[in-house]
Amino acid sequence: MKLRVEFTTEPFDLDEPPRHAVVAREVVQAAELDAVDVGPFGNTAEGTASAVLAAVDELLRKSIDAGATRVSLQVNVVGEGEE
């Protein structure tokens, strides 16, 4: 099964990316995912269910440790694939 996760971290800072946002992006960029798209107001990553779920666990833990007060995410099933 393949999954797509879309996420944002808060609080926002319009002057420069806050540490928690940078950490969350670093987590998904380092994960073994098929596709990662980072943007100023939201991020998307796709991969196998096990890879996406592992990345979500790590990004939640690390971004909260880095100062996030809220992490919003949505996970969608986008197709079948090998685990």
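**View 1. Strand 1 and strand 3 form an antiparallel pair in this predicted model.** Six bridges link the two strands. At one of them, Phe7 has Asn43 of strand 3 as its bridge partner.

**View 2. Helix 1 covers residues 19-30.** The helix has 12 residues and spans 16 Å from its first C-alpha to its last, close to the 16 Å expected at 1.5 Å a residue. Its buried residues are His20, Ala21, Val23, Ala24, Arg25, Val27 and Val28. The elements covering these buried residues include strand 1 (2-10), strand 2 (35-38), strand 3 (43-48) and helix 2 (49-65). In an α-helix, residues three or four places apart point the same way, because there are 3.6 residues a turn.

**View 3. Thr9 of strand 1 is joined to His20 through their side chains.** The polar contact between these side chains is 2.8 Å. Thr9 counts as buried because its relative accessibility is 8%, below the 20% cut-off. Leaving aside residues up to four places away in sequence, Thr9 touches His20, Ala21, Ala24, Ser63, Ala68, Arg70 and Val71. Of the residues listed here, His20, Ala21 and Ala24 are among the buried residues of helix 1.

Key. Residues are numbered from 1 along each chain as its sequence is written. This is a predicted model: local features need pLDDT of at least 70, side-chain atom pairs count only at pLDDT 80 or more; totals for chains, interfaces and linings use all residues. Side-chain values use heavy atoms; hydrogens and water are left out. Helices (H or I, at least four residues) and strands (E, at least two) are DSSP runs, numbered from the N terminus. The expected span of a helix is 1.5 Å times one less than its number of residues. Buried means under 20% relative accessible area, exposed over 50%, partly exposed in between (1.4 Å probe, protein chains only). Contact means heavy atoms within 4.5 Å. A polar contact is a pair of N or O atoms within 3.5 Å; within protein, one must be able to donate a hydrogen and the other to accept it, and residues adjacent in sequence count only if both atoms are side-chain atoms. Two strands pair if DSSP finds at least two bridges between them.
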